[in-house]
Amino acid sequence: MNFPACDRLILNSNSWAEFTSQVDRLPNMTDRGDVFERLVQLHMQTDPIYLAQYKEVWHADQSKGELPASVRRHLNLPAGDEGIDLIALARNGEYTSIQAKYRTDSKSTLRMGGDGGIPMFTSMIFQPPVS
């Protein structure tokens, strides 16, 4: 989903219950994930706690066109979606990779491996960048 469509859905939500209700009606998990990733990004760009810590929060997906090419090269990020949703630049110059995971079942557990887990994300973030 593109940013304007995500932003409309977010702006039309007056509570977490309204947000999840709207997201759960989206036709596929990709759209649901896109909206949640955008919500996390906007939260990190506007919440005073995160504003004090981060100068920038970019969407890592190359198709979104936000992440500067120089940062992508510096971090040795792949062109495709490999599980890293956002990249944040801290005020001290360090980068943080972020995975935003929307779960339709709030009681479900996020697993490190297997179906629904995050092994690709963790394997990528511990790889040193190539100079």
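I began with the buried residues of H2, and in this predicted model I found that they pack against H1 and H3. The buried residues in question are Phe-19, Thr-20, Gln-22 and Val-23. They cover an arc of only 160° around the axis, so I noted them as lying on the same side of H2.

Next I looked up how H2, residues 16–24, is placed against H3, residues 29–46, and I read that their axes come within 9 Å and cross at roughly 150°.

I then asked which residues of H2 and H3 meet. On the H2 side I listed Trp-16, Phe-19, Val-23 and Asp-24, and these meet Arg-32, Val-35, Phe-36 and Leu-39 in H3. Sorted by class, this contact of H2 with H3 has 6 nonpolar and 2 charged residues, with no polar ones.

My last entry concerns Phe-3, which is found in helix H1, residues 3–11. Is Phe-3 buried or exposed? Its relative accessibility is 15%, and since buried means under 20%, I counted Phe-3 as buried. Leaving aside residues up to four places away in sequence, I found that Phe-3 touches Arg-38, Gln-41, His-59, Lys-64 and Glu-66. For one of these residues, Lys-64, I also looked up the spacing: Phe-3 and Lys-64 are 61 residues apart along the chain, while their C-alpha atoms are separated by 8.2 Å.

Key. Residues are numbered from 1 along each chain as its sequence is written. This is a predicted model: local features need pLDDT of at least 70, side-chain atom pairs count only at pLDDT 80 or more; totals for chains, interfaces and linings use all residues. Side-chain values use heavy atoms; hydrogens and water are left out. Axes are lines fitted to C-alpha atoms, for helices over the stretch in contact, and angles run from 0 to 180 degrees between N-to-C directions. Helices (H or I, at least four residues) and strands (E, at least two) are DSSP runs, numbered from the N terminus. Contact means heavy atoms within 4.5 Å. Ala, Val, Leu, Ile, Met, Phe, Trp, Tyr, Cys and Pro count as nonpolar, Asp, Glu, Lys and Arg as charged, and the others, Gly among them, as polar. Buried means under 20% relative accessible area, exposed over 50%, partly exposed in between (1.4 Å probe, protein chains only). The arc is that of the directions from the helix axis to the C-beta atoms.
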